[in-house]
Amino acid sequence: MLLRTLIIILISLFLSSTGLAQQQLFIPMDASQTNHLKAYGIIFNNLQDGNSSKWLLNYKGGSFMTDYSDELLRTCRLKNVKATVISNKEAAKIITEVEQPNSNTSVTKLDKAPKIAVYTPKQALPWDDAVTLALTYADIEFDKVWDPEVLNGKLSKYDWLHLHHEDFTGQYGKFWGSSKNQPWYIKQVRQMEAMAKELGYESVSKEKKAVAAKIKEYVGNGGFMFSMCSGTDTFDIALAAQGVDIAPTPYDGDPMDPNVQQKLNFKNTLAFTDFKVSTNPAEYEHANIDVPVQINEVDKSLDFFTLFEFSAKWDPVPTMLTQNHVSSIRGFYGQTTAFQKDKIKESVVILGESPGRNMVKYVHGNYGRGTFTFYAGHDPEDYTHRVNDPPTDLSLHTSSPGYRLILNNILFPAAKKKKRKT
């Protein structure tokens, strides 16, 4: 008992010596939180203002603690984010509890807000992007970049990059079979062909593969890359097919390479291996990385995926990426709904999967000095999001566990890097 009291006193002195205020603001992220998504924005913008914060991993849903200010508390109240003012002594007691060696919790310091870019076309398309929705709702600042910025080396300005629902194989999302006569599709093809020509490429497929290679280079140089839906598997397909024509005639005007499968180079990919590409231009599928559609086979109420629990002290990165107030999350579809488990490289960490269904939903890995995270599906709060469906109103889903995974990735680059204990 005496030792515990001494530890609390020492931590209190440490907090004071490091410039912490006499009061702290504690933001719980368990089921008691009134607006989980806005809470991420509160912390992000607090970092952007030059203040550090603490992320209490696996403690009450991955709660936050930071220096108190009247303005910060006022902002929390205005945004309906639950926050409690605590003393330095109470803060020290929490840290002592979190850092107990027999507890699967830990403290991660957040130092600096990452500069964020979202890879998205300047022209409007008949679908929305979950990450853009999450950032906008959480009031997190971001820039938009597109192919010219990527190819001109502008990614070096950013710490974190999200890949829009995109087809990096240059096959326009493989909507040709269902939508080739739709005005939006015809307009998209014209715009993309014009941009590829302006950038010096003879086809959209070659231009998109060059973009994928440039993004891979960005990751290797230390960038944090996050992708959802078809921006995941088509990215790796494009990397495997560098120098190989995998686009059927309707997409680039000439036949695909007859030996395309034999020429794929899986050493170039980040997450996936040993996959076969679709050679049918009318098939709404790029490869056998994605799981077959099971919408008529699995009841919606039974469709969920489970997050793995990692050691907060030994594996802080996957722990950060899986912080949540629940361990099971409702499934949701997309052009890429989930990944076949046998197509994932052994070096990749599986963060979430559907038990008993060989479906992996959420993965993370390292490449060079950077990292990548792939999250399958289109919109965590729209089970079967379709073309021209209205965007999700996140004010109706303020505690969405599926959207929390997106925002975990936003804060992950702000964490102070620690040397691995293994």
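Guide: Helix α2 (residues 36-48) has 13 residues and spans 19 Å from its first C-alpha to its last, close to the expected 18 Å. The expected span is 1.5 Å times one less than the number of residues. Helices here are DSSP runs of H or I with at least four residues, strands are E runs of at least two, and both are numbered from the N terminus. Please note that the model is predicted: local features need pLDDT of at least 70, side-chain atom pairs count only at pLDDT 80 or more, and totals for chains, interfaces and linings use all residues. Residues are numbered from 1 along each chain as its sequence is written, and side-chain values use heavy atoms, with hydrogens and water left out.

Visitor: How many residues of α2 are buried?

Guide: Buried means under 20% relative accessible area, exposed means over 50%, and partly exposed lies in between, with a 1.4 Å probe and protein chains only. In α2, 11 of the 13 residues are buried, so the helix is largely enclosed by the rest of the structure. Among them are Y40, I42, I43, F44 and L47.

Visitor: How does one read the fold as a whole?

Guide: One counts the elements and then considers the overall extent. The protein has 14 helices and 15 strands. Its radius of gyration is 23 Å, close to the 22 Å that the globule rule gives for 422 residues, so the protein is as compact as a globular protein of that length. That radius is taken over C-alpha atoms, and the rule is 2.2 Å times the number of residues to the power 0.38. The C-alpha atoms fill a box of roughly 75 × 40 × 40 Å along the principal axes. Of the 422 residues, 56% count as buried.

Visitor: What percentage of contacts between residues at least 6 apart in sequence join residues at least 24 apart?

Guide: Contact means heavy atoms within 4.5 Å. Of the contacts between residues at least 6 apart, 77% join residues at least 24 apart.

Visitor: Which residues does A117 touch, beyond those up to four places away in sequence?

Guide: A117 is found in strand β6 (residues 116-119) and is buried, with a relative accessible area of 0%. Its contacts are D143, V145, Y158, W160, L161 and H162. The C-alpha atoms of A117 and K144 are separated by 5.6 Å, although these residues are 27 apart along the chain.

Visitor: Is D274 buried or exposed?

Guide: D274, at 53% relative accessibility, counts as exposed, while Y172, at 6%, counts as buried. Each lies in a loop: Y172 between β8 (160-163) and α7 (176-179), and D274 between α12 (260-263) and β10 (304-307).

Visitor: Where is M192 placed, and which residues does M192 touch?

Guide: M192 is in helix α8 (residues 183-198) and counts as buried at 4% relative accessibility. Setting aside residues up to four places away in sequence, M192 touches Q123, W146, Y172, V204 and K208.
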